[in-house]
Amino acid sequence: MKCMFLFFITLSIVIAVSFLLYWLVTRELARDQNPITASMWSTQHLMEKHWYYFATLPDSTEAAAFEQRIQSSERIDFKSRMEEITKRIRNQDCRTEVIQNPANPVNIYFDADPETTSMEIQKKWEQYSEDIQQLLPLIDLDFTPEKKAASVRRFDSDGVFHYFEEVRMDRQDKCANCHTQFRPGELMGVIHVEIRENSMNKILQKYWAYLLGAAIVSVFLAMVSVNLVVRWIVLKPLRTLQDVSDSISRGELSKRAEIRTGDEFEVLSEAFNRMLRHLVNTQDMLRKANNELESKVDELAHLTIQLYETNRVKSDFMATMSHELRTPLNSILGFSDVLGSISSLNDKQKRYVENINKSGRSLLSMINDIL
């Protein structure tokens, strides 16, 4: 349970950090894609304007040239198809417009509203004058289609991304056939693209929901996998060892741990079995030692009884020697002292009494040594 808990906490932290980093990186990448998307939409906006112009073109030289490729009956169908394609390409939260140069407007067909007046064109030009100023000067003699058009990009306080791209007249561009009022390299206008960040946020939130769901599913599957792994690879061998140890504690010494996992648990079970064999051998040796000790104790008990008997015999002998020998000998010594004190004894009698007394004391000394 500790391993599973720690693994769950660690896995949650790792997944949270990784998905958070992925979220931040994805958000930055999405923001970095705004200029690319806006540049693509600006080009697309010019294409739409030209499609609209040629699809509604009145009879003219250009109309005759266009008629050779598209029959008049197919013009409206061509226009509707192009609009349908561009709707599927463009984001609904995107707004694209052409800001014309008020000093030299292009023509009514390149503006979203054909009724746009010169005053409205001037007002719109002044509205974004700070951004447009960065695209000046108005004349760029080195401008070619291969040269990347200058652009300005920024985010406003409402989270709207603004993109401004210059549209210049190339000296070799075929557009000069129609836009004769422009000199080569002159600024014809500015394409303004607005991308609202909430549209990007909606997409990011959708994918964030997918990521969050994937993270939850990943954590759940990881926990299930860890649970199965711990249960079958870790807990099962441990429970086998626990059952064997419980059986051994109940006295079933024949039990052995049979684990064939080919890993450390198998090595542990072999060490456990070696310990059990050593324990059984030690118990057998201890049982033999106990049997030998019991026989030695019995032998010692017999020796103790014999020693007790010997001690009793010794005590009897000591009592007999002390009483049966010393008592009569003391009487002999006492009477010899009494006889020696009689004055009427002659020399021979006194000598006999002294011999009796001397021999008695010698015998008493020997008896004392023996005792």
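Which helix do the buried residues of H8 pack against? They pack against helix H7 (264–340), where packing rests on contact, that is, heavy atoms within 4.5 Å. The model is predicted: local features need pLDDT of at least 70, side-chain atom pairs count only at pLDDT 80 or more, and totals for chains, interfaces and linings use all residues. Residues are numbered from 1 along each chain as its sequence is written, and side-chain values use heavy atoms, with hydrogens and water left out.

The protein chain has 8 helices and 4 strands. These elements are DSSP runs numbered from the N terminus, with helices (H or I) of at least four residues and strands (E) of at least two. Their order from the N terminus is α-α-α-β-α-α-β-β-β-α-α-α. The chain has 371 residues, and 29% of them are buried. Buried stands for under 20% relative accessible area, exposed for over 50%, and partly exposed for values in between (1.4 Å probe, protein chains only). The chain exposes about 25,500 Å², and carbon and sulfur atoms supply 59% of that area. Accessible areas come from the Shrake-Rupley method with a 1.4 Å probe; for residues, only the protein chains shown count as cover. Among contacts with a separation of 6 or more, 68% join residues 24 or more positions apart.

Helix H8 covers residues 347–370. Its 24 residues should span 34 Å at 1.5 Å a residue, and its end C-alpha atoms are 35 Å apart, which agrees. The expected span is 1.5 Å times one less than the number of residues. Val-353, Asn-357, Gly-360, Leu-364 and Ile-367 are buried in H8. An α-helix has 3.6 residues a turn, so residues three or four places apart point the same way. Ser-359 also lies in H8. This serine is partly exposed, with a relative accessible area of 48%. Ser-359 and Leu-333 are 26 residues apart in sequence, yet their C-alpha atoms are 9.2 Å apart in space.

Helix H7 holds another serine, Ser-269. Ser-269 is buried, at 0% relative accessibility. Residues up to four places away in sequence aside, Ser-269 touches Leu-241, Ala-257 and Ile-259.

Strand S1 (residues 94–100) is largely enclosed by the rest of the structure, because 6 of its 7 residues are buried. S1 pairs with strand S4 (residues 187–196) in the antiparallel sense, over 7 bridges. Strands count as paired if DSSP finds at least two bridges between them. Within this pairing, Glu-97 has His-192 in S4 as its bridge partner.

The largest nonpolar core has 13 residues. Such a core is a set of buried Ala, Val, Leu, Ile, Met, Phe, Trp, Tyr and Cys residues joined through side-chain atoms within 4.5 Å. Ala-38, Val-193 and Ile-195 have the most contacts inside this largest core. Helix H1 (2–55), S1, strand S3 (160–168) and S4 each supply at least two of its residues. S4 gives the largest share, 4 residues. Beyond its neighbours within four places in sequence, Ala-38 is in contact with Phe-161, Tyr-163, Val-193 and Ile-195. A second, separate core has 11 residues, including Ile-15, Ala-215, Val-219 and Ala-222.

The structure holds 7 salt bridges. The criterion is a side-chain nitrogen of Lys or Arg within 4 Å of a carboxyl oxygen of Asp or Glu. One of them joins Arg-154 and Asp-131 at 2.9 Å, N to O. This pair links distant parts of the chain: Arg-154 sits in strand S2 (residues 151–155) and Asp-131 in helix H5 (residues 129–133), 23 residues apart. Arg-154 is partly exposed, with a relative accessible area of 29%. Asp-131 is buried, with 8%.

Glu-166 and Arg-168 meet in a salt bridge of 2.7 Å, N to O. Both residues are buried. In helix H7, Arg-287 and Asp-284 lie 3 residues apart, about one turn of the helix. The closest N and O atoms of their salt bridge are 2.9 Å apart. Arg-287 is partly exposed at 47% relative accessible area, and Asp-284 is partly exposed at 30%. Salt bridges also link Glu-309, Arg-312 and Asp-316 in a network.
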